[in-house]
Every structure is written in C-alpha cells, then in structure tokens.
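Here's a quick briefing to read with the model open beside you.

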Amino acid sequence: MIKTVICDFDGTIVNSAQLVYDLFNSFSDKYSYKKMPPEKMDYIRSITFRQRFKEYDVSFFKVPSLVMDVVKEYKKSVPYLQVNNEMKEVLRELRNQEIKLVLISANSRENIEKFLRLNDMEYFDEIIRSKRFFGRNLTINSYIKSHNLKRAETILIGDEHRDIVASKKSNIKVVSVTWGYDLEELLITGSPDYLVKCPNEILNVIDGVT
C-alpha cells in the first residue's frame, strides 16, 4: 500500500515546458551555448537532458548557475502558469485518502508556495527542493531516511526520464506521465514501473500497488 507520494512540480502539475525552453534560450549568450530552435521542440523532448546539454554546447560546470538564473526569472511568471486541472483533482483525491503528499522541484520554495496559494492547491505536507540537477535521487534518499519512510510504501510521480533514473537509484517505484517535458518514447526507454497518459490513471495505479 502506498502511503507517501512524491510528486514533481514542473511539467507534471503545471504546464511550464514552453516557459522553461524560452528561459533556457534567453541565457544562451550569457553562458555561451546554442539556442534550441522552436521547430525542433519535439526532437528536444525525445532526448535526455544530458544529450540536450551536449548537443547545444552547455557546459556541465555551468548548469548549477544556469538553473539558478532560470529559477529567478521563473518567479516572475508564477502568477501566469497554467495548472493541469485534472492533476489538481487527482492530488485533491489523494489528500482525501490521507496519503502523504510531498512536492519535489528544483524551483524555489517561494515560487512553489506562491503558485499553490494562487491556485488553491495547498494539499502538500512538505516541499523539498532538489538542488542537484542530476542528483534528484540524493534528495529523495535523504528525505526517505530522515522521515523513516518505507520504500515499498513510497512512489514518485514525474514527467522526465531523469525521474525514472532517480527512482531506480532510490529503490522506489515511479509513475511516468506523458503530458510533461519528455515524450512518451523517451520515457519508455527508461522502463518506468507505470506509464500513464491521463491524470486519473494515477489513482488506479496507486490503488493497485500492494
């Protein structure tokens, strides 16, 4: 039985893919990398972040600073972000079932809390920030250990290939959603435990995990 759901924010709960891509391109001059052309959006969503950074000449040493800059600019757009309403209802139902909800994101706590207030979505018991772009499993492991959670009773919901990688390293199950950043074809290559194409399917997954 699942008692704790760790849910990703960007892409999974909010429709922010276009915003993030636009912000990525806006810092290309500052960090000396190539812009991602709009006409290649589907291609970009079909490859991993490591492949994207390599293809557009983003230095891995600059990724932490780049992420910080994107988060700062992201803050200005928080009031205008569009929530996935079906996902909102799923989270409400999970809350009603007394399942512990934890939000994980590289975004700032301030940004997230503001968004949740504006959209009447204060369902989460905790918000944890993953400061390592490629080390989300470290954040998840730290949270699980500090709260004495059972891994068999914990599940991750995310929209990216790196979420699948993190779940395997953390030894927890993962639900991959197809409406976020990464295309379904890319998610499948990561062999997620569950793949869902609409939010309501999440309820069936969690109800069926034993």
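A salt bridge here is a side-chain nitrogen of Lys or Arg within 4 Å of a carboxyl oxygen of Asp or Glu. By that cut-off, the structure holds 16 of them. Keep in mind that this is a predicted model, where local features need pLDDT of at least 70, side-chain atom pairs count only at pLDDT 80 or more, and totals for chains, interfaces and linings use all residues. Residues are numbered from 1 along each chain as its sequence is written, and side-chain values use heavy atoms, with hydrogens and water left out.

Two terms come up throughout. Buried means under 20% relative accessible area, exposed means over 50%, and partly exposed is in between (1.4 Å probe, protein chains only). Helices (H or I, at least four residues) and strands (E, at least two) are DSSP runs, numbered from the N terminus.

**Salt bridges**

- Lys40 and Glu55 pair up through their side chains, at 3.8 Å from N to O. Lys40 sits in the loop between α2 (28-31) and α3 (41-45) and Glu55 in helix α4 (residues 49-55), so the bridge ties together parts that are 15 residues apart in sequence.
- Both partners are partly exposed: Lys40 has 30% relative accessibility, and Glu55 has 28%.
- Arg109 bridges to Glu113, with 4.0 Å between the closest N and O atoms. The two are four residues apart in helix α7 (residues 109-118), which means about one helical turn separates them.
- Arg109 is partly exposed at 43%, and Glu113 is partly exposed at 33%.
- Arg136 and Asp163 form a salt bridge at 2.9 Å, N to O. This pair links distant parts of the chain, with Arg136 in helix α8 (residues 136-146) and Asp163 in helix α9 (residues 161-170), 27 residues apart.
- Arg136 counts as buried at 4% relative accessibility, and Asp163 counts as buried at 0%.
- Asp8 joins Arg136 and Asp163 in a network of salt bridges.

**Helix α6**

- The 12 residues of α6 (residues 85-96) should span 16 Å at 1.5 Å a residue, and the end C-alpha atoms are 17 Å apart, which agrees. The expected span is 1.5 Å times one less than the number of residues.
- Its buried residues are Met87, Lys88, Val90, Leu91 and Leu94. They cover an arc of only 160° around the axis, so they lie on the same side of α6. That arc is taken from the directions from the helix axis to the C-beta atoms.
- Exposed Asn85 and Asn96 are on the face turned away from the buried side.
- The cover over the buried residues includes β1 (4-8), β2 (100-105), β4 (154-158) and α11 (200-208).
- At the start of α6, a side-chain oxygen of Asn84 comes within 3.2 Å of the backbone nitrogen of Glu86.
- After the helix comes Glu98, with a positive phi near 65°.

**Nonpolar cores**

- A nonpolar core is a set of buried Ala, Val, Leu, Ile, Met, Phe, Trp, Tyr and Cys residues joined through side-chain atoms within 4.5 Å.
- The largest core has 53 residues, and Val5, Cys7, Ile13, Leu91, Leu103, Phe115 and Ile202 touch the most other members. Helix α5 (residues 63-74) gives the most to this core, with six residues.
- Leaving aside neighbours within four places in sequence, Ile202 is in contact (heavy atoms within 4.5 Å) with Met87, Val90, Ile157, Val175, Val177, Trp179 and Val196.
- Another core, of 14 residues, lies apart from the largest one and has Val102, Ile128, Leu156 and Ile164 among its members.

Definitions and conventions. A polar contact is a pair of N or O atoms within 3.5 Å; within protein, one must be able to donate a hydrogen and the other to accept it, and residues adjacent in sequence count only if both atoms are side-chain atoms.
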